Amino acid sequence: MKPLSFILLSILCIVSSALASPSTDKFEQFQTLSRLAPIDLDDSLYDDLTSKPRDYYAAVVLTATEARFGCILCRELQPEWELIAQSWNKGSKSDELKLLFGTLDFVHGKAIFQKLMLQTAPVLLLFPPTVGPFARVDDTPFRFDFTGPMSADQLYTWINRHLPEGPKPPLVRPVNYVRLVSAITLSMGAVTLFTVLSPYVLPIVRNRNIWAAISLIAVLLFTSGHMFNHIRRVPYVVGDGKGGISYFAGGFQTQFGMETQIVAAIYATLSFATIALAMKVPRMADAKAQQVAVVIWGVVLFGVYSFLLSVFKAKNAGYPFFLPPF
Amino acid sequence: MADAPVDALLKGSSGKNTRGLLRTIILFTIAAAAVSSRLFSVIRFESIIHEFDPWFNFRATKYLVENGFHSFWDWFDDRTWHPLGRVTGGTLYPGLMVTSGAIYHFLRFLTLPVDIRNICVLLAPAFSGLTAFAMYLLTNEMSPSPSAGLLAAAFMGIVPGYISRSVAGSYDNEAIAIFLLVFTFFLWIRAVKNGSIMYGALTALSYGYMVSAWGGYVFITNLIPLHIFVLLCMGRYSTRLYISYTTWYALGTLASMQIPFVGFLPIRNSDHMSAFGIFGLLQLVAFAEFIRGYVPTKQFQKLLTSMIIITVAVGFIGLSLLSISGVIAPWSGRFYSLWDTSYAKIHIPIIASVSEHQPTAWPAFFFDLNFLIWLFPAGVYICFRDLKDEHVFVVIYGVLASYFAGVMVRLMLTLTPIVCVAAALALSHIIDTYVTISPKQAQAKSTESSSESLRSSRSPVVGIYSYASKAIVTSSVVIYLLLFVAHCTWVTSNAYSSPSVVLASRLPDGSQFLIDDYREAYYWLRQNTPQNAKIASWWDYGYQIGGMADRPTLVDNNTWNNTHIATVGKAMSSPEEVSYPILRQHDVDYVLVVFGGLLGYSGDDLNKFLWMVRIAEGIWPDEVKERDFFTSRGEYRVDDQATPTMRNSLMYKMSYYNYNSLFQQGQAIDRVRGVRLPAEGPQLSTMEEAFTSENWIIRIYKVKDLDNFDRDHMSAAAFDRGQKRKRASKRRGPRVLRTE
């Protein structure tokens, strides 16, 4: 009971002092608005924060987090931005160096967005002080344009670069205890489950066919250019401009998602035909059936390979080789 | 009976000899084919070193041959990375140079006066013959069929995936490293199969040679422990594993630490930690096996469980403590970028900028491996039939290498050997089944239909009944093989045999037209500039300038100092007023740029320009901004829509300086980017054009000395043009001393 009342009392004191003397330090006034997290601004607060005699730095993110704006970057930025503000506000720094963090959402600050003629969000503005030891003659804010997802570290180094020299609090990422505990619980659960189920699971784990299948799928995925799709984020299919879709990309260095799947299927068919010819067919006891199987697999091999060559020829115009059907 | 004399040759002990002789002849033929298919470039052009890195290797080899091994080991090269210099002896893999040096001295000893350049040019083809032989040995360990080894050797000899790095003149580390890779793996498989200390030690020796030759040795360092680990997980511990692995690890680590560039990495770097961890694990497993013989089963179970828990806990804590305290270095950037594929793009632009570090699209796989690419999964599947220790190796290697090859184009090279092995296993299986004349009637093989085996190999083998099916399969296999040979020859001749120092193109009448601008420019530098003139260029050309022009450079392809490279990038991407002090501070006398606009040569500096900007931005984010080089609509343009930053950058000015004078007024066209250039060309005031090669590919500028009258260069140039000096504007800020 006692500590709580003490906190209440202190909050009361702060509030009353803030109310009592509104003309006191603007910096402290803003600091009381939010102890750790960035200040949620609206039009008037933003104007107040950036109004001219100011003896502090102000870093403001202009963003649009609501789902209807569809700004993924803004939503990804939000936790990182809060992390920066928290690290700064918690950490130790010299008293001279004053920095305020704010967030202006488009919902609350349409007028500001219009005034700044912002077409895109998010934008980070850093206002230098106009009075005080670090005052700058040129008081236009530094602007940071987001070109892609940014981590807190990258943003923080950018802000740090514009602050005066001196020690600054390091960026502290809080340990995600929930994740840690859940990971430990999950892994222990998995171990327990495995021990309990081992009589049923072990035959599966030791099954050679399953491992063969996994290896083959992995090899087929990788050799058909799946990693390229993953790294370059290629489109799955692209229209050909005539209402249809083009399955194969034009150039030698490009490919579509679906294209690689087709190629993987071609490779799989060819490999399977080879395996059948090499391992299954010689084990067939019936002579007639064996003859038919050889013909079928041989034709499949030839036809699909011919198709593969024609696809490759389409990608690489100068390629001179082909097999008859295609 | 016509085949009676043949029978006498092929049966009994003389049959064995005949087969041995045939095999030797076939292997020699394969080696000859491997060597000769790599000689396209020598025949078409001349005996010349290719590309970029080989020029450094060549220069280092010349130094080694001239000054002897000891001074090579202590070589401090003050003609690169001016003004820093480079401790070359301690920062290179010496295997390649030492190999060619040894060959050189051996031939001298035999009184064969061979030029060192010819040895360097022909080293890669010669070693490719050896690679084919090593491939034969490796595949023979995998399969009882004698045809598998020969097929694998033939595949390896001519497959484009390997030729791409080993044509004559491509004097690079990979030239000998792939041979060593395959040979080390062969020795390793031998060691595991026999549990032999001798083969383990030989593996270590071969591994040591590999470490001295190529940075890719890390692949072996991680693959062998992984092999052991998987075998342990499969419950296949044996003393064979213990003997071979501990022998290899102890001797191999010692051997690798003898290379100054590697030094203490094997015990400090995370890349090597898996080998060390498996070494410890193997000791524990061996200890447990030893205890098992003395302790009742029930207590042994308890002992084992507690031991596992304690080991894991201690190991984990120890590893994380060592990592946090910095005793163990974190993963090296290149290695890390293999797993987290977006890592390099964000953190290390210089790695991401290299074209061979890009991911691989599927046509590249087919281009480099042709029909082996679909025999490869079949071969991996066949390995699952017996799944002996060596087959496990093929499976692991296959899966891992195909992942790596998918992430980075250059790692196609490590995938190629295992593809050849697996494809040869599959194809030899088919050939052995179908290319036999005598009908195998119902050969009741041992029925090993346990649940362990593969689904497709449970029933007994009976053989092929009809000649028709044999004919069908055999003829189609022959067609595929012929197509493969044709494909390999075509790819080698069209894609991989150009030296890239000399460019070849075709005139409209079909005759060949050689573009030799690089050598023209480098020889101009050699003849017309003082011995110590410093040349600034983008790092791609550093080795060539050092090798061909013999002039000191600021940065080269070694890329060990990112800041220095960024300095050059900044000089190139900044306006003259900023660049000039930078160039002066680095004693630069000449600046060299590559410009393909006249000829349509797309690999020029303006196309690489964004990488210079990005790398410079990484160090000076306030002064160089990539955004400024794009128009407001996000386009990278060089015509009259280009941004002012772009048009004022030194690179732009040097590329297009005087380019207008080639064309009629306002008709200047850049043929690479396909745009019309602004009517008025850029003005250069701090440098003067010194040389432009025949096709304008290389342009060299001399950095002007300080002005005699202490004017800045802009006003001096304006004065020379006869322009009136502008009145100093009224808005004049306080005078600032420019410090940089």
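Q: Which residue stands opposite B:Gln512 in β2(B)?
A: Two strands pair if DSSP finds at least two bridges between them; strands are DSSP runs of E with at least two residues, helices runs of H or I with at least four, both numbered from the N terminus. Here B:Arg506 stands opposite B:Gln512. The two strands concerned, β1 (residues 503–506) and β2 (residues 512–515) of chain B, pair in the antiparallel sense over 4 bridges. Their hairpin has 5 residues between the strands, and B:Gly510 takes a positive phi near 95 degrees there.

Q: What kind of model is this, and how are its parts labelled?
A: The model is predicted: local features need pLDDT of at least 70, side-chain atom pairs count only at pLDDT 80 or more, and totals for chains, interfaces and linings use all residues. Residues are numbered from 1 along each chain as its sequence is written, with chains lettered from A and ligands numbered from 1 in the order in which they are written.

Q: In what order do the 4 strands of the open sheet in chain B lie?
A: The order is β3-β4-β8-β7, with mixed pairing. Because β3 (534–536) and β7 (687–692) of chain B each have a single partner strand, they stand at the edges, and one side of each is left without a neighbour in the sheet. Within the sheet, β4 (residues 588–594) and β8 (residues 698–703) of chain B run antiparallel and are joined by 5 bridges. B:Val591 stands opposite B:Tyr701 in β8(B).

Q: At what angle do α6 and α7 of chain B pack?
A: Axes are lines fitted to C-alpha atoms, for helices over the stretch in contact, and angles run from 0 to 180 degrees between N-to-C directions. Helices α6 (residues 116–142) and α7 (residues 146–158) of chain B pack at about 150 degrees, with axes 7 Å apart. That makes α6(B) roughly antiparallel to α7(B) (a term for angles over 145 degrees).

Q: How many residues of chain A are in contact with chain B?
A: Two residues are in contact if their C-beta atoms, placed from the backbone, lie within 7 Å. By this criterion 51 residues of chain A are in contact with 55 residues of chain B. On the side of chain A that touches chain B, the largest share, 11 residues, comes from α10(A).

Q: How many helices and strands has chain B?
A: Chain B has 31 helices and 8 strands.

Key: Angles under 35 degrees count as roughly parallel, over 145 as roughly antiparallel, 65 to 115 as roughly perpendicular and the rest as oblique.
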